[in-house]
Amino acid sequence: MEGDTMIFEPYIELKDGDKISVIIRMMQRSDAERTKKKPVWQTDWTSEYIETSLYEKYAVETADGELIALGMYEVLERALVVRVVYMESQPESNPTLAGAKRKYSGIGKLMIAYGIKLSIDHGFGGDVILEAKTDALAAHYQDDFGGIELPAFDGGAPRFLIQGEAAKHIFFSYLK
């Protein structure tokens, strides 16, 4: 309908596939502190590297304040792209830690969608790049998100570009 505005409405999924709305906001020191408390996250977000970096840091939480994920993004003005520097889900939902018994799913897709949103907000057309920490993630980024493999830096982690129709498909799933 003409005049209707599409709104980005982030969500994650429960085990039964039901969607629950979440809030994405700037990360605060208290969010980083929570990564050191039980259950301990894979990454200590109070590390000097993270705290002193100039990357934009965001937290994802449920309406009742449960911290679901943290992410760092870099807006690359010269490349017209947003780089998803790092993203991590809470231990109960982290596939590496929780395996198939994850509390929530769809967190990685949401974090990529938020990178796409940042890219659009900066006039970059929704292009994002990210690195895969594991071979399984590399396959996931290619097969499930339409990532295009880019050359890696000095034998580093595989890098992927998500753009065009692939980015639209991810991003549109969060529009209402």
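Modeller: By definition, helices (H or I, at least four residues) and strands (E, at least two) are DSSP runs, numbered from the N terminus. The model is predicted, so local features need pLDDT of at least 70 and side-chain atom pairs count only at pLDDT 80 or more, whereas totals for chains, interfaces and linings use all residues. Residues are numbered from 1 along each chain as its sequence is written, and side-chain values use heavy atoms, with hydrogens and water left out.

Colleague: How much space lies in the largest pocket?

Modeller: A pocket is an open set of points on a 1 Å grid over the protein atoms alone where a 1.4 Å probe fits, with protein on both sides within 12 Å along at least five of seven lines; lining residues have an atom within 4 Å of a point. Grid points are joined across faces, edges and corners, and the volume is the space filled by probe spheres set on them. The lining holds 33 residues, and Met87, Gly108, Lys133, Leu137 and Tyr141 lie nearest the centre. The space in this largest pocket is about 860 Å³.

Colleague: Which element gives the largest share of the lining of the largest pocket?

Modeller: Of the 33 lining residues, two or more come from each of β5 (81-89), α3 (95-98), β6 (104-105), α4 (107-121), β7 (128-131) and α5 (135-143). The largest share, seven residues, is given by β5.

Colleague: How many residues of that lining are charged?

Modeller: Asp, Glu, Lys and Arg count as charged; Ala, Val, Leu, Ile, Met, Phe, Trp, Tyr, Cys and Pro count as nonpolar, and the others, Gly among them, as polar. The lining of the largest pocket has 17 nonpolar and ten polar residues, and its charged residues number six.

Colleague: Which two residues does a cis peptide bond join?

Modeller: Most peptide bonds are trans. In the loop between α1 (29-34) and α2 (48-52) stands Pro39. Here omega is about -5 degrees, and the cis bond joins Lys38 and Pro39.

Colleague: Is Leu80, with its positive phi, buried or partly exposed?

Modeller: Most residues other than glycine have a negative phi. Leu80, in the loop between β4 (67-76) and β5, has instead a phi of about 55 degrees. Buried means under 20% relative accessible area and exposed over 50%, with partly exposed in between (1.4 Å probe, protein chains only). At 49% relative accessibility, Leu80 is therefore partly exposed.

Colleague: What is the relative accessible area of Asp154?

Modeller: Asp154 is placed in the loop between β8 (148-150) and β9 (159-162). Its phi, near 45 degrees, is positive although the residue is not glycine. Asp154 counts as exposed because its relative accessible area is 85%.

Colleague: How many residues apart are Phe8 and Phe171?

Modeller: Rings of Phe, Tyr and Trp (its six-membered ring) pair if their centres lie within 6.5 Å; planes under 30 degrees apart count as stacked, over 60 as edge-to-face and the rest as tilted. The structure holds ten aromatic pairs. One of them, Phe8 with Phe171, is stacked, at 5.5 Å centre to centre and 10 degrees between the planes. Phe8 lies in the segment before β1 (11-14) and Phe171 in helix α6, so this pair links parts of the chain at a separation of 163 residues.

Colleague: Which residues does Leu14 touch, not counting residues up to four places away in sequence?

Modeller: Leu14 is placed in strand β1 and is partly exposed, with a relative accessible area of 29%. Contact means heavy atoms within 4.5 Å. Not counting residues up to four places away in sequence, Leu14 touches Ile20, Lys103 and Tyr104.

Colleague: How far apart in space are Tyr86 and Phe160, C-alpha to C-alpha?

Modeller: Tyr86 lies in strand β5. Not counting residues up to four places away in sequence, Tyr86 touches Thr43, Trp45, Leu70, Gly71, Met72 and Lys133. Tyr86 and Phe160 are 74 residues apart in sequence, and their C-alpha to C-alpha separation in space is 13 Å.
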